[in-house]
Amino acid sequence: MTEPREQGQRPQQPQQGRFSADMLTELFQDPLDPAYADAARARRERRTPLPGWNRGSRKGAKLVALLIIGVLLAVAYQQVIARAPDRATARAGLIKEMNQRQAKTDELAQEAERLQNEVSKLRESALSDTTVAQLRQLEAATGMRKVTGDGVIVTMQDGPNAASVPEAGVLDVDLQVVANALWASGAEAIAINGRRLSSVTPIRTAGSAILVGNAHILGPYEVVAIGPPDLADRFNDTAAAAYYRALRDDKAYAVGFDVKERNDLELPAAVLPQLLLATVPKPSATPTPSTSPSGGRK
């Protein structure tokens with residue numbers, strides 16, 4: 001019985017700690033309600049043992065299922081093993097075909113250069129010396145003629161961890177930046193891995209490969225430029241050179257970057273581009289006026 005509380009006296013706090021501890025201990029020791037345990041015990045007592053034939057059929061079904069799974073795994077393994085030589089053979093065939101196509105492309109490029117030289121000789125034989133000199137200057141400036149001279153070689157290469165760090169790999173945009181910096185530094189002719197750049201030569205990426213024009217190039221990448229004697233100093237002062245030196249010195253990227261001056265460089269002519277707008281003029285029907293002082297009169 002609860003004793004009467006005097007007026008103004010605060011009610012006593014119930015002793016909840018002792019009861020709460022007992023309840024939690026009992027809950028953790030026996031989490032299952034006794035009613036569930038009694039129901040489970042009653043089901044076990046009502047359950048009659050399976051006949052022998054039923055237990056045997058169940059074991060047989062399990063063995064058959066395991067046997068089928070094992071057979072399926074064995075068949076799948078045999079198929080994987082059997083296809084491995086086919087994949088290796090297909091890969092080797094693709095590599096061989098790629099090398100053959102590359103060799104054919106190089107052969108056609110050499111043939112195109114030889115024919116281009118013949119065309120240049122025939123054209124020069126039909127022109128005056130002054131026109132030939134102007135034509136040679138224009139061809140050298142546009143990349144349509146082989147040139148020689150002193151300049152620099154900028155070598156770039158993927159860093160050792162390029163496979164895991166994308167920034168450590170050399171991309172097409174890196175070659176574009178270096179080529180533009182060399183143009184800005186006064187370069188008169190540029191070639192990348194032996195591919196001469198002209199005003200219409202793209203440097204782009206196709207998949208994971210870098211293309212200069214239509215040629216696939218592999219690292220290390222050599223950007224060769226012919227220009228004034230101080231071309232190397234001008235290029236080293238550019239922001240592009242400073243950026244790639246920082247990538248080279250940073251151990252997280254370690255991108256290969258080197259600039260060397262070289263004498264007697266020789267750059268091939270670029271492949272003659274397909275003319276898109278220019279056309280061959282048709283012969284005039286009217287006679288051409290004579291340029292002789294006599295006006296064509298004897």
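Is Phe28 buried or exposed? Select Phe28 and find out. Phe28 is exposed, with a relative accessible area of 69%. Keep in mind that this model is predicted.

**Stop 1: the whole protein**

Zoom out and color by secondary structure. The protein has seven helices and eight strands. It holds 298 residues, and buried residues make up 22% of them. Now show the surface. The accessible surface comes to about 22,800 Å². Carbon and sulfur atoms account for 57% of that surface. Next, think about contacts. Take those between residues at least 6 apart in sequence: 72% of them join residues at least 24 apart.

**Stop 2**

Go back to Phe28. Phe28 sits in helix 1, which covers residues 16–29.

**Stop 3: a positive patch**

Select Arg43, Arg44, Arg46 and Arg47. These arginines gather in a surface patch of positive charge. Arg47 lies in the loop between helix 2 (34–46) and helix 3 (52–125). Its relative accessible area is 61%, so Arg47 counts as exposed.

**Stop 4: salt bridges**

How many salt bridges are there? The count comes to nine. Side chains of opposite charge can pair when their charged atoms come close.

Start with Arg114 and Glu118. Their closest N and O atoms are 2.6 Å apart, and the two form a salt bridge. Both belong to helix 3; because they are four residues apart there, about one helical turn separates them. Arg114 is partly exposed, at 39% relative accessible area. Glu118 is also partly exposed, at 39%.

Move on to Arg248 and Asp249. Here the salt bridge has its closest N and O atoms 3.2 Å apart. Asp249 is exposed at 55% relative accessibility, while Arg248 is partly exposed at 33%.

Now select Asp258 and Lys260. This salt bridge has its closest N and O atoms 3.8 Å apart. Asp258 is partly exposed at 31%, and Lys260 is partly exposed at 43%. Salt bridges with shared partners join Glu111, Arg114 and Glu118 into one network.

**Stop 5: a buried charge**

Select Asp172 in helix 5, residues 172–184. Which side chain of opposite charge is nearest to Asp172? That side chain is Arg204, 8.3 Å away. Asp172 is buried, yet it has no salt bridge. A salt bridge would need the side-chain nitrogen within 4 Å of a carboxyl oxygen. Show the neighbors as well. Leaving out residues up to four places away in sequence, Asp172 touches Ile203, Arg204, Thr205 and Ile210.

**Stop 6: backbone details in loops**

Select Asn193, in the loop between strand 2 (189–192) and strand 3 (195–196). Asn193 is not a glycine, yet its phi is positive, at about 50 degrees. Asn193 is partly exposed, with 25% relative accessibility.

Jump to Ala254, in the loop between helix 7 (239–249) and strand 8 (256–267). Ala254 also has a positive phi, near 50 degrees. Ala254 is partly exposed, with a relative accessible area of 26%.

Finish at Gly219 and Pro220. What kind of peptide bond joins Gly219 and Pro220? The bond is cis, with omega about 0 degrees. Pro220 lies in the loop between strand 6 (215–217) and strand 7 (221–226).

Notes. Residues numbered from 1 in each chain as written. Predicted model: local features only at pLDDT ≥ 70, side-chain atom pairs only at ≥ 80, totals over all residues. Heavy atoms only, no water. Patch = residues over 30% accessible without salt bridge, like charges linked within 9 Å, V, L, I, M, F, W, Y side chains within 5 Å. Areas by Shrake-Rupley, 256 points an atom, 1.4 Å probe, with all protein chains shown as cover. Lys, Arg positive; Asp, Glu negative; His and termini not counted. Charge placed at Lys NZ, Arg CZ, Asp CG, Glu CD. Helix = DSSP H or I, 4+ residues; strand = E, 2+ residues; numbered from the N terminus. Buried < 20%, exposed > 50% of the residue type's maximum accessible area, 1.4 Å probe, protein only. Contact = heavy atoms within 4.5 Å.
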